[in-house]
Amino acid sequence: MIDLRSDTVTRPTPAMRAAMAAAEVGDDVYGEDPTINLLEKRAAEIFGRESALFVPTGTMGNQIALKLHTQPGQEIICESRAHILDWEMATTAVFSGCLVRAVPTPNGILTWRDIEPVIFKRGSFRAATGLIEIENTANLAGGRVTNLSILEEIWDGAKNRKLPTHLDGARIFNAAVALSVNVKDLTRGFDTVMFCLSKGLCAPVGSMLVGSATHIEQARIYRKGLGGGMRQAGILAAAGLIALEEMPKRLHEDHANARLLAESLAQIEGIAIDPATVETNIIVFQLTGSLAAAELSARLKAHGILISAVGPQTMRIVTHHDVTRDDCLAAIETLRAEIESTATVGA
């Protein structure tokens, strides 16, 4: 199989497997797992924060952060395609008691100009804004990157309005590589940052939440309440340390493969995509003919190629460590043949 559904499908590297087997462990709920403690310390150092917390999933990390910053009955501003809105099971409403104020943008990138008009104070008729949430990279916008100048304007505006900010940085290392900016600088203005170890960084399990010592102390309590208090989790943290220290160095390879795919897709009649919008490892494209995305996905699967349908005519490809340039070229040729065969039948 050539699996291009997501960078979550990556398998741990041989070095990760060896580190997991040899990991020193303890009970993390008691704070006694030395490998977990080292991972949390390194994550905090790399992001220039006081503290960090290892969580099983990015969704848990995001949802803990949203609760840290808000009160029930408030609104959380995010882009209309945000992961916290579409892919986290309405947990914002259930766990934090907050409404998501979804702001549509043409390219998936929120700016202060988009945010400021939908900031509300508490009143008789409106829920007050409690938090501004940014996703970088923007997943369903095709992995688009929010650059530092846009973020700085958001940080300044939020500070002036006395509003906290949280970053869903599931793929923040991809953004940092694309922008040639250190993750510490790219995230410095956020009150909390969540990032994933288990996507493009290849760890089998886990994400991190970084922030102030006070926030992370409370986050640890929320993690336990959500069932995220793990015991000898150092076997996971051992892989996470390699993911954190080593795997960002190769993300440019995934970006190059994504650009290759995007440029090839743009040459196929029946597909709409602008290769210039592909900035990291995600490609979102439209089918313009009669072929539905789900049908094309099923046909490709029969040929051993997995690509996600994310809408009736919309598909998403994600490059990662476990697919090579040759895999990408093979996938494109099969996709081209399936679309051309449909067009021939239709004619």
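Trainee: What makes Arg126 count as lying over the face of Phe120?

Mentor: Arg126 sits 3.7 Å from the ring centre of Phe120. The rule asks for NZ of Lys or CZ of Arg within 6 Å of the ring centre and within 35 degrees of the ring normal, so Arg126 is over the face of Phe120. Lys67 also lies over a ring face, that of Phe95, at 5.1 Å from the ring centre. Keep in mind that this is a predicted model, where local features need pLDDT of at least 70, side-chain atom pairs count only at pLDDT 80 or more, and totals for chains, interfaces and linings use all residues. Residues are numbered from 1 along each chain as its sequence is written, and side-chain values use heavy atoms, with hydrogens and water left out.

Trainee: Why is the pair of Phe47 and Phe173 called edge-to-face?

Mentor: A pair of aromatic rings is described by the distance of the centres and the angle of the planes. Rings of Phe, Tyr and Trp (its six-membered ring) pair if their centres lie within 6.5 Å; planes under 30 degrees apart are stacked, over 60 edge-to-face, and the rest tilted. Phe47 and Phe173 have centres 5.8 Å apart and planes at 90°, so the label is edge-to-face. The structure holds five aromatic pairs, and ring pairs also link Phe47, Phe173 and Phe195 into a cluster.

Trainee: What makes Phe95 and Tyr222 a pair that ties together separate parts?

Mentor: Phe95 is in helix 5 (residues 91-96) and Tyr222 in helix 10 (residues 213-225), so the pair ties together parts 127 residues apart in sequence. Helices here are DSSP runs (H or I, at least four residues), as are strands (E, at least two), numbered from the N terminus. The rings of Phe95 and Tyr222 are edge-to-face too, at 5.9 Å centre to centre with 85° between the planes.

Trainee: How do you know whether Met89 is buried or exposed?

Mentor: Buried means under 20% relative accessible area, exposed over 50%, and partly exposed in between (1.4 Å probe, protein chains only). Met89 has 74% relative accessibility, so it counts as exposed. Met89 lies in the loop between helix 4 (83-86) and helix 5, and has a positive phi of about 60° although it is not a glycine. Lys162 is exposed as well, with a relative accessible area of 73%, and its phi is near 60°. Phe47 and Phe173, on the other hand, are buried.

Trainee: What makes a set of residues a nonpolar core?

Mentor: The members are buried Ala, Val, Leu, Ile, Met, Phe, Trp, Tyr and Cys residues joined through side-chain atoms within 4.5 Å. The largest such core has 54 residues, with Phe47, Ile115 and Ile132 among those with the most contacts inside it. Helix 11 (residues 234-245) gives the largest share, seven residues. Apart from this core lies another, of 27 residues, including Met315 and Val323.

Trainee: What makes something a cavity here?

Mentor: On a 1 Å grid over the protein atoms alone, a cavity is a set of points where a 1.4 Å probe fits but cannot get out; lining residues have an atom within 4 Å of a point. Of the 15 residues lining the largest cavity, Glu79 and Glu135 are among the closest to its centre. Strand 5 gives the largest share of that lining, three residues.

Note on methods. On a 1 Å grid over the protein atoms alone, a cavity is a set of points where a 1.4 Å probe fits but cannot get out, and a pocket is an open set with protein on both sides within 12 Å along at least five of seven lines; lining residues have an atom within 4 Å of a point.
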